[in-house]
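I opened my notebook to look at how this chain is packed inside.

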Amino acid sequence: MWDPLIFVKSNIFSSRNYLAISGNWNGVPGTTTLVNVYGPQSIFFGDFNAVRYNFERFNSRFCRATARDFNKFIAEAGLQEFKLGGKKFTYLCDDGLKLSKLDRYLVCSNFIAHQPLTTVIVLPREHSDHIPLILKPSNQDFGPTPCRFFNSWIHRDGFEHTFTQAWNSFRGFGAPDMYLKAKLKFVRKKIGNWRKSESDVESKMLTQIKKKVEDLEMIAESRRLTDAEIKDRRAYKSKIVELENFAKQDLQQKVKIKWLVDGDENSHFFHGALKKQK
């Protein structure tokens, strides 16, 4: 929503329990107001800490008065809710015993009329006790992933062996500088091939582990997880964190490269302050 080609904000207002942003959304006529709600309180979305019906809680206390007030607010505001696919609950305690549907998108009828193909995508629950929800009005293609050497590769299993084997197996001739250039190019290609194959393996492993976590959470929606299942879920989530830490390091390096090429958006301010101090 911070891409000016998609959404241009015109006003922001907030309080202790919500953050509201108004602006022009590309493809949606007029002004759109997005309200991120936290607490029992155009598009409203977030963690409302309230459910609408008793079947939206499992092993958790259902309050009829809160549900009545919540449904009354939705009706009086003229809002409608997008249906979630694949999941009944959006909140799951770490012990896997209590589940609730606390997170949702509520939109006005005008939004549905202009964006009838909008869907709510449910992402896997990994590092939070809430499921991430994405409001997706259209498909987006960000193009192929660029190929670079990332520092995180050095800390991965198999890098040292691949590098040593490629360095020692190179055979070439010519002037020393051209020989070194050819050798480095050969080593880089070997490391690139190794990383590509390892990336495919890690991607499949991550997908399988996430699927196992998702299966356990689906089971938790119908019955209590056993101690062994809770232990497995924690181990799977730990492995997910381990694998995605590498991805986070790569992302941090991408950001630093972008700052180096394009300049940090704060550079002008800090350089000006340093010059003033001098």
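My entries follow, one topic at a time.

**Entry 1: the model.** I am working with a predicted model. I number residues from 1 along the chain.

**Entry 2: the cores.** I looked up the largest nonpolar core first. How many residues does it have? I found 17. Trp25, Ile43, Phe82, Tyr105, Phe111, Val120 and Leu135 have the most contacts inside this core. Strands E2 (18-25), E4 (43-47), E9 (103-108) and E11 (133-136) each supply at least two residues. E9 gives the most, with three residues.

**Entry 3: Ile43.** Ile43 touches Trp25, Thr32, Thr33, Leu34 and Val35, among others. Its contacts also include Tyr105, Leu106, Val107, Phe111 and Leu135.

**Entry 4: strand E9.** Is E9 enclosed or open? Six of its six residues are buried, so E9 is largely enclosed by the rest of the structure. I checked each side. Asp103, Tyr105 and Val107 are buried on one face. Arg104, Leu106 and Cys108 are buried on the other.

Which strands pair with E9? E4 pairs with E9 in the antiparallel sense, over five bridges. Here Gly46 stands opposite Arg104. Strand E6 (residues 79-81) also runs antiparallel to E9, and three bridges join them. Leu79 stands opposite Cys108 there.

**Entry 5: aromatic pairs.** I searched the whole structure and got seven aromatic pairs. I wrote down two in detail.

Phe48 and Phe70 make a tilted pair. Their centres are 5.4 Å apart, with 35° between the planes. What does this pair tie together? Phe48 lies in the loop between E4 and strand E5 (57-58), and Phe70 lies in helix H1 (residues 64-76), so the pair links parts that are 22 residues apart in sequence. I looked up burial too. Phe48 has a relative accessible area of 0%, so it counts as buried. Phe70 is buried as well, at 4%.

Phe170 and Tyr179 make an edge-to-face pair, 5.4 Å centre to centre and 65° between the planes. Are these two buried or partly exposed? Phe170 counts as buried, at 11% relative accessibility. Tyr179 is partly exposed, at 28%.

Entry 6: I traced ring pairs that link Phe159, Phe163, Trp167 and Trp194 into a cluster. Then I looked for charges over these rings. The charged end of Lys183 sits over the ring of Trp167, 3.8 Å from its centre. Arg195 lies over the face of Trp194, at 6.0 Å from the ring centre.

**Entry 7: cysteines.** I reminded myself that a disulfide is a covalent bond between the sulfur atoms of two cysteines. How many disulfides does the structure hold? I counted zero. Cys93 has a relative accessible area of 16%, so it is buried. Cys108 is at 17%, so it is buried too.

Definitions and conventions. Predicted model: local features only at pLDDT ≥ 70, side-chain atom pairs only at ≥ 80, totals over all residues. Heavy atoms only, no water. Core = buried A, V, L, I, M, F, W, Y, C linked by side-chain atoms within 4.5 Å. Buried < 20%, exposed > 50% of the residue type's maximum accessible area, 1.4 Å probe, protein only. Helix = DSSP H or I, 4+ residues; strand = E, 2+ residues; numbered from the N terminus. Contact = heavy atoms within 4.5 Å. Phe/Tyr/Trp six-rings, centres within 6.5 Å; stacked < 30°, edge-to-face > 60°. Lys NZ or Arg CZ within 6 Å of the ring centre and 35° of its normal. Pairing = 2+ DSSP bridges. Disulfide = S-S within 2.5 Å. Lists of a residue's contacts leave out its neighbours within four places in sequence.
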